[in-house]
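Biologist: I'd like a close look at just one spot here. Please pick a residue and tell me where it sits and what surrounds it.

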Amino acid sequence: MKYYDLNDGEYKKGRLTEDQMWEAFRWLFSEKSLNDSSYKFIFLKSIIDCMEMKEPNGRISFDILFDRFTSISWSLILKYKINQKVKARGKKASLLEQDLLNFFESGGYEKYVDVSEISVKDWKKLVKKIKQDCKRYVVGALYGDMKELLYSFSRKEEWIELNQQMEFFVEKHKELIESLNYYKWAIFYQKVNAEATAKNCIDLLAPGFEKRKSESIYRTILAYEFEREVPETMNSIELLLCAEDTPEDIGVSKDNLEEELFQDYGSMRDYLSNPIVLIEKLKRQKGIKV
């Protein structure tokens, strides 16, 4: 089934266990979930940010979701110039990039401006354009990757309705789920962007923000733009997810993380319940005292 082509979908009914809900996220954040663009990562972040904006009928409109979707994408594309999909020869950039760049050029902007400086009228036109161009490629795709458990949706009527069980689950584990989303989002950017892009991004970060090596610059940008935290305040979860920054003598590698986090549900559950345990386990495997 091509989920991205669905015009509507209904979330599966019935009582869900925590294991079943974690399994849906495990799939989403595993290598089995294919991503041609960054849309799913941005849309999931948009849903989490808009969960309190439900209408009386329990639905969240596409207007609200894609307003946030556009806001998130604004700095990533126009400020940092990060590609949102693989640029194959003869193929154009994603529609999201095209829409934002066309808007910026047609508006006569000579340099990057913050979202707050855009007029309400122009912003609404931009959100409408991105909503129309992107809703086909992300709403059904994320619905499918979440095992049809996260929400129901209608592309024609332009709404999603969250599964209440999943909504409570996300609220309970929000920090963990967002950290995993940032982690896989950053890895995707690393795959589809040239090394020069990462290096050019470093100078755009705020003064005083730690400049990490280019392999993790995308995680740094996501943290700065959407978490507003600096490395000195990172908790153990973020340290683990940013383990590619760890000095080589500690011996925690990206490959170790991928194996531990995504090879099976049990490993991921252990990590989510106590990330410090996993850090210590990885150190022991490398012969490092804990």
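Modeller: First, a helix here is a DSSP run of H or I with at least four residues, and helices are numbered from the N terminus. Let's take Y39, which lies in helix α2, spanning residues 39-49. Keep in mind that this is a predicted model, where local features need pLDDT of at least 70, side-chain atom pairs count only at pLDDT 80 or more, and totals for chains, interfaces and linings use all residues. Residues are numbered from 1 along each chain as its sequence is written, and side-chain values use heavy atoms, with hydrogens and water left out.

So, is Y39 buried or exposed? Y39 counts as buried because its relative accessible area is 5%, and buried means under 20% (exposed is over 50%, partly exposed in between, with a 1.4 Å probe and protein chains only). Now for its neighbours. Leaving out residues up to four places away in sequence, Y39 touches F69, S94, L95, L96, C134, Y137 and V138; a contact means heavy atoms within 4.5 Å.

One of the residues Y39 touches is C134, and C134 is itself buried, at 0% relative accessible area. Another cysteine, C50, also counts as buried, with 2% relative accessibility.

Definitions and conventions:
Helices (H or I, at least four residues) and strands (E, at least two) are DSSP runs, numbered from the N terminus.
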